[in-house]
Amino acid sequence: MNAASVSTLQASDGGAGVPRHVAIIMDGNGRWAKARHLPRIAGHRRGAEAVRATIRAAGELGIEVLTLYAFSSENWRRPEEEVSDLKGLLRHYLLAELDELANNGVRLKIIGDYRRFGPDLAAMLDNAVARTADNASTTLVIALNYGAQDEIVRAVRALAQDGVAPADIDIPAIAARLDTADLPPLDLLIRTSGERRLSNFLLWQAAYAELLFVDTLWPDFGRDDLFAAVADYGRRDRRFGGL
Ligand code: IPE
Ligand code: IPE
Ligand code: MG
């Protein structure tokens, strides 16, 4: 699809148009590597390249927020070597990409209990977020040690800490204490690799999101796949319980 098609997507009559907020469960790196008789880390490395292409495509499409599931609160169950490889890759990615992200107007935000990655990585992430805080083109949200159930538990704890009375606990009071408090509603949630589950990702935020499951393994995902996903979204009729 070329640049002209972006306006076609935006102009879709009666359809949902271009989503403001897209989230992706980037799955299938291990299977991509296995099919090539490569170590799993090779799949994760190629996955990082797919991230690059997807961020660029999101910018072209005018998507305001792109949220990427990079490490779940359950991924600690993986062998220590893989966890350590993933941490190394994150560090490498930040060092290699931060300049480009910052110069392209990308605002970085982290969701999840990322401090569990240790003080060094946490400081790098804090620095990257601070450096891009005034950028306004695309917001890139990376979910790190993120689990939706953990996020909701932390929000409920914050309600208690803030001394909110039971009668004052409502949907906005909870939403304001989630990691995603300052983000627009989730419009489209994509999962790659053929799995059809949410794996503890954005459970609250997905309440009325459109879901799209594609068979493509994450390292093979690219610009055309994001354009196709947005076109699919654009043909949907969102009713939000109404008519
Ligand atoms: C997704 O790919 C990346 C992370 C969860 C960090 P996987 O590593 O889950 O790849 P598969 O599902 O084993 O193919
Ligand atoms: C979900 O993928 C987490 C990320 C993509 C970071 P998993 O591969 O961890 O999910 P399950 O274990 O197959 O549900
Ligand atoms: Mg997986």
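Asp99 is partly exposed, because its relative accessibility is 44%; partly exposed covers the range between buried, under 20% relative accessible area, and exposed, over 50%, with a 1.4 Å probe and protein chains only. Asp99 pairs up with Arg131 in a salt bridge, with 3.0 Å between the closest N and O atoms. The two partners come from distant parts of the chain, 32 residues apart: Asp99 belongs to helix H4 (residues 80–103) and Arg131 to helix H5 (residues 119–131). Arg131 is partly exposed as well, at 42% relative accessibility.

A word on what you're looking at: this is a predicted model, where local features need pLDDT of at least 70, side-chain atom pairs count only at pLDDT 80 or more, and totals for chains, interfaces and linings use all residues. Residues are numbered from 1 along each chain as its sequence is written, chains are lettered from A and ligands numbered from 1 in the order in which they are written, and side-chain values use heavy atoms, leaving out hydrogens and water.

Back to the charges. In all, the structure holds 23 salt bridges, each one a side-chain nitrogen of Lys or Arg within 4 Å of a carboxyl oxygen of Asp or Glu. The helices and strands named here are DSSP runs numbered from the N terminus, with at least four residues (H or I) for a helix and at least two (E) for a strand. Another bridge joins Arg236 to Asp232, at 2.9 Å from N to O. Here Arg236 is buried, because its relative accessible area is 18%, while Asp232 counts as partly exposed at 23%. Elsewhere, salt bridges with shared partners tie Asp27, Arg31, Arg191, Glu195 and Arg197 into one network.

Arg78 is partly exposed at 30% relative accessibility, whereas Glu82, at 10%, is buried.

Which residues surround ligand 2? The shell, meaning residues with a heavy atom within 4 Å of it, consists of Ile25, Met26, Asp27, Tyr69, Ala70, Phe71, Asn75, Arg78, Arg191, Arg197 and Ser199. Strand E2 (residues 65–72) gives the largest share of that shell, three residues.

Some of these neighbours also make polar contacts, pairs of N or O atoms within 3.5 Å. An N or O atom in the Ser199 side chain is 2.6 Å from an oxygen atom of ligand 2. Arg78 has a polar side-chain atom 3.1 Å from a ligand 2 oxygen, and for Arg191 that distance is 3.3 Å. On its own, ligand 2 exposes 390 Å², and the protein buries 78% of that; such areas come from the Shrake-Rupley method with a 1.4 Å probe.

Finally, take a look at the backbone. Most residues other than glycine have a negative phi. His37 has a positive one, near 55°, and you'll find His37 in the loop between helix H2 (29–35) and helix H3 (40–61). Ser193 has a positive phi too, about 85°, and belongs to the loop between strand E5 (188–191) and strand E6 (210–213). Are these two buried or exposed? His37 is exposed, because its relative accessibility is 74%, and Ser193 is buried, because its value is 8%.

Note on methods:
A polar contact is a pair of N or O atoms within 3.5 Å; within protein, one must be able to donate a hydrogen and the other to accept it, and residues adjacent in sequence count only if both atoms are side-chain atoms.
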